[in-house]
Protein chains: 2
Amino acid sequence: MNSLPSPSKSDAAFPFTVYEQQFKALADSQRLEILHHITAAGSVCVCDLTERMNLPQSKLSYHLKILLDASLIDREKHGTWNYYMLNDQALNHLLSEELCCLFRGK
Amino acid sequence: MNSLPSPSKSDAAFPFTVYEQQFKALADSQRLEILHHITAAGSVCVCDLTERMNLPQSKLSYHLKILLDASLIDREKHGTWNYYMLNDQALNHLLSEELCCLFRGK
DNA sequence: TTATTACATCAAAATAAATTGATATAATAA
DNA sequence: TTATTATATCAATTTATTTTGATGTAATAA
């Protein structure tokens, strides 16, 4: 489910690469808006987002892939549709409870 | 102390710009390493970091400015030295308690 | 005053990320 | 089978970020 290596705080030479990737994924207002939509809706397909955000499909697929690769969201295939939902575990590990309902679940 | 506007969760058109800036600041392994050093040391000057991280001074000033502009750290001038320290309030608002001691205080 | 230390800032070059429009694929419907 | 829908991916371009080396400045020391 989570393909990222799990970092250890005690490793002095820890290169922060996992956190770097996850913060990079969060470092874009369009992706934050995507996360916000997913947070509000529970799960969304690409077509939901193209309608709501008025962005081209290829752009959304690109940004969703970045969030997916960083394990901040998960994907489920149903027929022709791809549904995206929050990866609560990863988001709760990373973000404060005060960001609850903004771009992370409860 | 914190020059960033305070975002409101209830604003439907909220553009996430503050969070974008803060996550951008975190989205770089060198800056995470800087934060980690500051977390460990309490406060550091640029010369401490040039020694510990073996990076040119201008590069460190550049990255420190990005963290500073995002209000993730604060600066205090003492003579010729500039000391940098964590902005605990901003970091605690943003990051989970599990990241305590990695790049945020207690 | 001159020299030195600690640092910020600048402009140019290098690198990385985002955007666009096109094409490919897989599932379903006709 | 053919058409359609939903989506991923690709290559080219545009835009943003990072790096580098140089220069400027302010504080202190000689």
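Tutor: We take the conventions, then the DNA surface, then the cysteines. This is a predicted model, in which local features need pLDDT of at least 70 and side-chain atom pairs count only at pLDDT 80 or more, while totals for chains, interfaces and linings use all residues. Residues are numbered from 1 along each chain as its sequence is written, chains are lettered from A and ligands numbered from 1 in the order in which they are written, and side-chain values use heavy atoms, with hydrogens and water left out.

Student: Which residues come nearest to DNA strand C?

Tutor: A residue is near a strand if one of its heavy atoms lies within 4 Å of it. Of the 23 residues around DNA strand C, the nearest are Y62(A), C47(B), Q57(B), S61(B) and Y84(B).

Student: What lies close to the phosphate oxygens of DNA strand C?

Tutor: Look for polar contacts, pairs of N or O atoms within 3.5 Å. An N or O atom in the side chain of Y62(A) is 2.5 Å from a phosphate oxygen. For H63(A), a polar side-chain atom lies 2.7 Å from one. C47(B) uses a polar backbone atom, at 2.6 Å.

Student: How many disulfides does the structure hold?

Tutor: A disulfide is a pair of cysteine sulfur atoms within 2.5 Å. Over all chains there are zero.

Student: Is C45(B) buried or exposed?

Tutor: Buried means under 20% relative accessible area, exposed over 50%, and partly exposed in between, with a 1.4 Å probe and protein chains only. C45(B) has 3%, so it counts as buried. C100(A) is also buried, because its relative accessibility is 14%.

Definitions and conventions. A polar contact is a pair of N or O atoms within 3.5 Å; within protein, one must be able to donate a hydrogen and the other to accept it, and residues adjacent in sequence count only if both atoms are side-chain atoms.
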